[in-house]
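Me: I would like to learn how to read strand pairing and pockets in a model, taking one feature at a time. Could you take me through the structure shown here?

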Amino acid sequence: MAPAEQAVGRGLPAGPGADAMLLSQQAVRRALELLHMSVFSQSVSPCGRYLAAGNNYGEIAIFSLSAALSSEAKEESKKPVVSFAACPGSQHAWPPPAAHDGPVYALVSTERQLLSASDGEIKAWNWAEIVKKGCKEAWSRRPPCRSSLEVPEINSLQLNTKDNTLVLAGGDCVVRVMDLETGAFTHELRGHRDYVHCLALREQLHQCLSGGEDGTVRLWDLRTGAQVQVIEVHKYEECSRPQNGKWIRCLATDSDWMVCGGGPALTLWHLRSVTPTTVFPLPPCQQHVLFYQDLLLAGGQGPALHQLQLSGELKARVPCSPRTLLSLCLNERSPEHKVLTAAGSSPKIDVFTNLGYRAFSLTFA
């Protein structure tokens with residue numbers, strides 16, 4: 001609907017003055033949204049040339065990394081090339097509707113589709129259409145709930161390429177496994193006593209790690225759905241920080257090693273011996289962590305990306321735009337577009353072509 005039509009629909013006089021008034025109101029509203037925007041999730045396209053980002057308003061924006069990294073890049077190159085609408089045809093509405101009614105907590109890409117998660121729903125979008133600036137959802141699924149009044153958020157998604165399944169972390173304390181071929185939910189992994197915040201896969205072993213508000217990291221066998229191990233992180237004195245709580249917010253794994261943090265200090269664990277080996281000297285609370293070569297990359301409260309040696313030394317603290325980092329994304333799908341992107345409590349997504357400094361920022365604005 002055009003601005004003039006909207007004005008008539010609201011009982012305002014039509015014409016250039018009404019158009020200007022409505023556009024001014026929309027500009028003010030957007031400015032307020034940007035002021036309070038947080039980017040929760042990111043995912044790189046299969047070709048490595050595009051970055052998808054989801055925010056707290058249910059918006060998904062697609063950025064062209066190839067255009068932004070070009071030597072001829074302009075300010076427009078750092079803005080979205082397309083934003084998603086909620087249903088077919090609605091991208092022409094004004095203002096554009098969001099992809100989800102709630103925040104976009106998680107994004108992940110298959111070889112063909114972008115999958116997004118929000119409050120009680122997962123949606124799929126075809127990358128072949130996205131790159132042509134189309135944004136019709138391909139399908140949507142809702143995990144089973146105990147009652148119609150219960151709409152738990154889906155906080156994390158992990159793609160298991162070994163068997164073409166999707167693992168979901170739920171706000172209802174359940175980890176679910178969904179068959180992407182049939183759309184069926186094949187396993188419900190129950191054991192957490194509170195929100196499940198984060199997931200990490202050990203694909204070679206057909207295992208999954210989950211971290212939650214209950215202060216535990218749980219290891220699951222994805223073939224049987226059985227719980228293999230429970231680590232009560234907050235009960236280990238070297239990790240515990242009672243003043244910050246016991247919740248586990250971030251989790252990553254590499255072979256026999258795991259790193260996790262949140263309320264407890266960010267800590268490296270040897271999984272076979274269930275031993276905390278390194279406690280990292282970082283302020284509370286870390287929100288996202290990645291293994292990268294012989295380093296850990298971590299972000300959380302404070303406008304900085306931390307580079308850590310596995311032995312515990314802080315190698316570098318690189319300034320970032322967001323005051324809190326919530327999402328880190330490493331693009332290794334395309335050598336010519338290999339970047340790290342860092343997002344959080346800001347409409348800006350920082351792009352690092354070299355881990356030592358921020359090259360530029362993409363923006364939802």
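Me: Which residue in β28 is the bridge partner of Asp350?

Reply: Please keep in mind that this is a predicted model. The bridge partner of Asp350 in β28 is Ser361, and this pair belongs to the contact between β27 and strand β28 (residues 360–363), which run antiparallel and are joined by four bridges.

Me: In which sense do strand β26 and β27 pair, and over how many bridges?

Reply: Strand β26 (residues 340–344) pairs with β27 in the antiparallel sense, over three bridges, and Val351 of β27 is the bridge partner of Thr341. The two strands, β26 and β27, form a hairpin, with three residues between them.

Me: Why is strand β27 described as largely enclosed by the rest of the structure?

Reply: In general, the side chains of a regular strand alternate between the two faces of the sheet. Here, four of the five residues of strand β27 (residues 348–352) are buried, that is, under 20% relative accessible area, so strand β27 is largely enclosed by the rest of the structure.

Me: How many residues line the largest pocket, and which lie nearest its centre?

Reply: The general idea is that a probe the size of a water molecule, rolled over the atoms, shows where empty space is left. In this model the largest pocket holds about 1500 Å³ of space and is lined by 40 residues, with Leu157, Gln158, His288, Leu290 and Leu328 nearest its centre. The lining divides into 22 nonpolar, 14 polar and four charged residues, and the strands that each supply at least two of its residues include β1 (39–44), β9 (154–160) and β21 (286–292).

Definitions and conventions: Residues are numbered from 1 along each chain as its sequence is written. This is a predicted model: local features need pLDDT of at least 70, side-chain atom pairs count only at pLDDT 80 or more; totals for chains, interfaces and linings use all residues. Side-chain values use heavy atoms; hydrogens and water are left out. On a 1 Å grid over the protein atoms alone, a cavity is a set of points where a 1.4 Å probe fits but cannot get out, and a pocket is an open set with protein on both sides within 12 Å along at least five of seven lines; lining residues have an atom within 4 Å of a point. Grid points are joined across faces, edges and corners, and a volume is the space filled by probe spheres set on the points. Ala, Val, Leu, Ile, Met, Phe, Trp, Tyr, Cys and Pro count as nonpolar, Asp, Glu, Lys and Arg as charged, and the others, Gly among them, as polar. Buried means under 20% relative accessible area, exposed over 50%, partly exposed in between (1.4 Å probe, protein chains only). Two strands pair if DSSP finds at least two bridges between them.
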